[in-house]
Amino acid sequence: MMMVADKSNREKIMEYKYDNAVEKEQINVVQFGLGPIGISTAKTALTKDMIKIVGAVDIDPGKVGSDLGQILESESAKGIPVVKDIQE
């Protein structure tokens with residue numbers, strides 16, 4: 001009986017730590033590639049509170065200079081320019 005209670009307490013502590021970490025920290029992400037998979041990945045990232053997309057890189061001349069919000073059809077990504085090279 002005692003071991004079951006200890007396990008439950010450990011689980012509660014880990015859950016508490018995870019919940020608080022998610023609330024306090026955000027991971028800044030640069031999306032490399034905006035083909036079908038990259039667009040899907042970026043859209044998924046936008047649904048996560050702990051992820052903040054801060055940049056986007058693609059070699060397609062039709063996408064370079066575009067607004068990521070336009071490409072993803074998302075207001076939350078609006079204002080993030082797509083660049084050809086990470087050093088831009």
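E73 is exposed, at a relative accessible area of 72% (exposed means over 50%, buried under 20%, and partly exposed in between, using a 1.4 Å probe and protein chains only). This residue sits in the loop between α3 and β3 (82-83), and its phi is positive, about 55°, although E73 is not a glycine. The structure is a predicted model, in which local features need pLDDT of at least 70 and side-chain atom pairs count only at pLDDT 80 or more, while totals for chains, interfaces and linings use all residues. Residues are numbered from 1 along each chain as its sequence is written, and side-chain values use heavy atoms, with hydrogens and water left out.

Stepping back to the whole chain, there are three helices and three strands (DSSP runs numbered from the N terminus: H or I of at least four residues for helices, E of at least two for strands). Along the sequence they come in the order α-β-α-β-α-β. Of the 88 residues, 24% are buried. Contacts (heavy atoms within 4.5 Å) reach well along the sequence: of those between residues at least 6 apart, 60% join residues at least 24 apart. The chain exposes about 6,700 Å², with carbon and sulfur atoms supplying 57% of that area (accessible areas come from the Shrake-Rupley method with a 1.4 Å probe, and for residues only the protein chains shown count as cover).

Now for D58, which lies in the loop between β2 (51-57) and α3 (68-72). D58 is buried but has no salt bridge (a side-chain nitrogen of Lys or Arg within 4 Å of a carboxyl oxygen of Asp or Glu). The nearest side chain of opposite charge belongs to K63, 4.7 Å away (Lys and Arg count as positive, Asp and Glu as negative; His and the chain ends are not counted). What the D58 side chain does reach is backbone: the nitrogen of L34 at 2.5 Å and the nitrogen of D60 at 2.7 Å. Beyond its neighbours within four places in sequence, D58 is in contact with G33, L34, G35, K63, V64, V82, V83 and K84.

D60 is also found in the loop between β2 and α3, but D60 counts as partly exposed because its relative accessibility is 31%. D60 and L34, the two residues whose backbone nitrogens D58 reaches, are 26 residues apart in sequence and 8.5 Å apart in space, C-alpha to C-alpha.

On the surface, V30, F32, V54 and I86 make up a nonpolar patch with about 340 Å² of accessible area together (patches are made of residues with over 30% relative accessible area and no salt bridge; like charges are joined within 9 Å, and nonpolar side chains, meaning Val, Leu, Ile, Met, Phe, Trp and Tyr, within 5 Å). V30 is partly exposed, since its relative accessible area is 32%, whereas F32 counts as exposed at 54%. Not counting residues up to four places away in sequence, F32 touches V57 and I86. F32 and I86 are 54 residues apart along the chain, yet their C-alpha atoms are separated by 8.7 Å.

Lastly, T41 lies in helix α2 (residues 36-46) and counts as partly exposed, at 41% relative accessibility. T41 and Q31 are 10 residues apart in sequence, with 8.2 Å between their C-alpha atoms.

Technical notes
Polar contact = N/O pair within 3.5 Å; in protein donor to acceptor, adjacent residues only side chain to side chain.
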